[in-house]
Amino acid sequence: MSNQFPSSRLRRLRQSESMRSLFQETEFSVNDLVLPIFVEEETSEYVPIEAMPGVLRIPESRLAFEIERYARAGIRSVMTFGISHHMDATGSDTWNENGLVARMARICKDTVPEMIVMSDTCFCEYTSHGHCGVLHDHGVDNDATLKNLGRQAVVAAAAGADFIAPSAAQDGQVQAIRSALDEAGFIDTSIMAYSTKFASSLYGPFREAGGSVLKGNRKQYQMNPMNRREAVRESLLDEQEGADALMVKPAGAYLDIIRDIREASRLPLAAYQVSGEYAMIKFGAQAGAIDERAVVRESLGAIKRAGADIILTYFAMDIAEQGV
């Protein structure tokens with residue numbers, strides 16, 4: 001006899017809040033979250049990011065204060081992005097041992113040693129052209145950029161970064177960084193690869209946050225959002241090159257990719273709920289169209305349900321202060 005209605009009634013397990021909680025399959029906590037932060041040098045003012053309500057550029061002079069505040073709230077990890085006032089054609093400030101990349105990592109670790117510091121490893125915020133590497137007539141020079149990524153990674157590791165997080169979307173970047181770190185003696189410094197990073201329209205608000213001067217786009221080196229098989233291939237290549245953790249970026253519109261990679265790899269998997277995803281929730285709530293608190297938790301739960309172990313989200317402090 002088949003077990004179907006009326007003998008099978010799935011509503012039996014949904015009768016009360018206690019019953020629903022008992023049988024809930026997916027959960028997340030603040031321990032699963034990483035807070036991305038924007039740090040600006042040579043300023044004493046917090047700068048509101050209009051496209052990301054509630055998010056501020058942090059003046060470098062206040063970074064220690066903010067890291068302490070995050071730690072008290074329960075945040076265990078941050079991803080650092082710098083707003084540089086020392087741009088040039090190659091982003092050379094990123095491999096200056098006293099440059100902004102190094103100073104951010106150093107301040108974070110000196111202030112709260114147990115805070116896990118992930119150093120975004122790229123050049124777009126440090127180059128005068130806004131691209132993610134060495135720019136030649138034909139576009140970004142992949143192999144020349146690899147050498148500079150290695151330099152930046154070593155500087156960040158020496159300053160105390162726990163994770164190097166390459167987001168430049170260059171072929172071979174994980175292998176190049178792993179080799180540079182190992183040669184410099186940083187064999188225990190981990191790599192969280194932006195292993196499947198799409199050329200997404202959802203990054204728009206980030207451009208304001210990071211002070212981007214980019215003209216054109218990054219479609220030459222970031223992934224086509226319509227490619228699913230290639231997305232898995234990208235992450236598996238980074239695994240083979242020595243990544244310690246993988247990442248899908250953006251997250252909410254790419255839950256199928258998160259699931260595909262989760263099934264294809266045993267490495268820890270992160271997903272980045274990007275600035276456009278954050279902004280849509282914020283502005284939708286401001287318009288009265290949605291319940292922000294509920295949608296934030298539903299969206300993060302969906303990312304976790306799809307297979308992410310770690311979620312990078314600008315809502316991390318809200319979760320830390322308000323609870324799940």
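Modeller: Let us begin with a pair of residues in this predicted model: Ser77 stands opposite Ile116 in strand β5.

Biologist: What makes β4 and β5 paired strands?

Modeller: Pairing requires at least two bridges between the strands. Four bridges join β4, residues 77–83, to β5, and therefore the two count as paired. They run parallel.

Biologist: How does the chain cross from β4 to β5, and why is the crossover called right-handed?

Modeller: The chain crosses from β4 through helix α3, residues 100–111, to β5. With the strands pointing away from the viewer, a path that runs clockwise from the first strand over the helix to the second is right-handed. This β-α-β crossover is right-handed, so its path runs clockwise in that view.

Biologist: Which other strand is joined to β5, and how do you know that the two pair?

Modeller: Strand β8, residues 163–166, is joined to β5 by four bridges. Since at least two are needed, β5 and β8 are therefore paired as well. These strands run parallel, and Asp120 stands opposite Ala165 in β8.

Biologist: Why is β5 described as mostly covered?

Modeller: A residue is buried when its relative accessible area is under 20%. Five of the six residues in β5, which spans 116–121, are buried, so the strand is called mostly covered.

Biologist: Turning to the pockets, what makes a residue part of the lining of the largest pocket?

Modeller: A lining residue has an atom within 4 Å of a pocket point. The largest pocket, with a volume of about 340 Å³, is lined by 18 residues. Gly54, Val55, Leu56, Arg69 and Tyr70 lie nearest its centre. Strand β1 gives the most to this lining, with four residues.

Biologist: What is known of the second largest pocket?

Modeller: About 280 Å³ of space lies in the second largest pocket, which is lined by 20 residues. Ala169, Gln170, Asp171, Tyr221 and Glu234 lie nearest its centre. Helix α7, residues 229–241, supplies the largest share of the lining, five residues. By class, the lining of this pocket divides into five nonpolar, nine polar and six charged residues.

How values were computed
Residues numbered from 1 in each chain as written. Predicted model: local features only at pLDDT ≥ 70, side-chain atom pairs only at ≥ 80, totals over all residues. Heavy atoms only, no water. Buried < 20%, exposed > 50% of the residue type's maximum accessible area, 1.4 Å probe, protein only. 1 Å grid on protein atoms, 1.4 Å probe; cavity = no way out; pocket = protein on both sides within 12 Å on 5 of 7 lines; lining within 4 Å. Points joined across faces, edges and corners; volume = space filled by probe spheres on them. Nonpolar A, V, L, I, M, F, W, Y, C, P; charged D, E, K, R; others polar.
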